[in-house]
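Here is a short note on salt bridges and one surface patch. Please read it with the model open.

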Amino acid sequence: MDAIDEDYKQAYFRERTARLKAEQLIEDKSRVLYALNEELIKKVADLEYQQQLFIQAEKMATLGTLCAGVAHEINNPLAYAMSNVESLQQSMHGFCELLDLNQQYLAKRISETNFQQQLASLSEQQSFAELQQDIHQLVADSAEGLRRINQIVSNLLNFARPTTNKKQLADMTDAVKNALKLLKNQLKGCQLTTSITTLPLSYCDLATINQIMVNILINASHSCEALIDRQAHIHVQVDSDDQQIIISVNDNGCGMSEQVLAKVFDPFFTTKPVGRGTGMGMPLVYTMVNDHQGKIEIESTVNIGTCVRCIFPVLSERP
């Protein structure tokens, strides 16, 4: 009986020792896994931060491309607003004299005969009747020009602002239309047509969708620049069904070979001259579309044209 008890005790101690070793091993492995997980979380955060820096850098590079066109867009309304203000400034002296004369007459500091004589003299110097007809149009045109400038600057600020990655329930059509407004001058050499249907609201980052569209449209514009045998044409189509939103840009430009098409999403790959392309436009477009749980498809034929199609799921709940 004693021998059996002794064997039982030894077996118990062996099992207990083995269990303690296993528990210690599990604890050690858990610590290692926790440390590795923390390191992984940090690296993922660093990668996301670097990605945002790349996106913002590409956005600034694209903004440089937009500046020349925006300067032209601003100069037009600014020119006639300044011209109208100059016309009003030239008339201001006569208006001030007329108001002063009226004040004197109402205060009975001058006689009616003197008032009529001075009024006739002012009317000879400046036709108040003609100015009365023009002044409303001058002010209205100036206000409209300033509103256009304000909208252009607002669009640029919205585009340049760093993305927050905060998705909201919104209409992607707003981003598409804003991109077309931003690129109005860059696309003026192309016949631009659009087919935009009503979209369901979906959780998205409109600033990101805007940048996607700007990058794709600039590429379409560049591909059409060398056309000499046909009119450059870019068609933007926005459509949807219950489950997905499809935004496509078709151009009849130079197109891409199979070799170029295979590398179009490779970072820093570009066919553009030095100083004109960073090679990060389409890789970031791919990243931003993927961030919206979407996919991007490209069909292209040399000397025929290119179709870039972005397909986004309709997200009715915050991702």
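Which residues are linked in a network of salt bridges? Lys295, Glu297, Glu299 and Arg309 are. The points below take this network and some other features in turn.

1. Basis. This is a predicted model, in which local features need pLDDT of at least 70 and side-chain atom pairs count only at pLDDT 80 or more, while totals for chains, interfaces and linings use all residues. Residues are numbered from 1 along each chain as its sequence is written, and side-chain values use heavy atoms, with hydrogens and water left out.

2. Salt bridges overall. The structure holds 8 of them. The term means a side-chain nitrogen of Lys or Arg within 4 Å of a carboxyl oxygen of Asp or Glu.

3. The strand pair. Arg309 and Glu299 meet through their side chains in a salt bridge, at 3.7 Å from N to O. This pair links distant parts of the chain: Arg309 lies in strand β7 (residues 305-313) and Glu299 in strand β6 (residues 295-301), 10 residues apart. Strands (E, at least two residues) and helices (H or I, at least four) are DSSP runs, numbered from the N terminus. Glu299 counts as partly exposed because its relative accessibility is 49%. The cut-offs are under 20% relative accessible area for buried, over 50% for exposed, and partly exposed in between (1.4 Å probe, protein chains only). Both Arg309 and Glu299 belong to the network named above.

4. Arg31 and Asp28. These two form a salt bridge, with the closest N and O atoms 3.3 Å apart. They sit 3 residues apart in helix α1, so about one helical turn separates them. Arg31 is partly exposed, at 49% relative accessibility. Asp28 is also partly exposed, at 33%.

5. Glu39 and Lys43. Here too the side chains meet in a salt bridge, 3.7 Å from N to O. The spacing is 4 residues in helix α1, which means about one helical turn between them. Glu39 is partly exposed, with a relative accessible area of 39%. Lys43 is partly exposed as well, at 47%.

6. A nonpolar patch. Val32, Leu33 and Leu36 form it on the surface, with about 300 Å² of accessible area together. Patch residues have over 30% relative accessible area and no salt bridge; like charges are joined within 9 Å, nonpolar side chains (Val, Leu, Ile, Met, Phe, Trp, Tyr) within 5 Å. Areas come from the Shrake-Rupley method with a 1.4 Å probe; for residues, only the protein chains shown count as cover. Leu33 is in helix α1 (residues 2-106). Leu33 counts as exposed because its relative accessibility is 57%.
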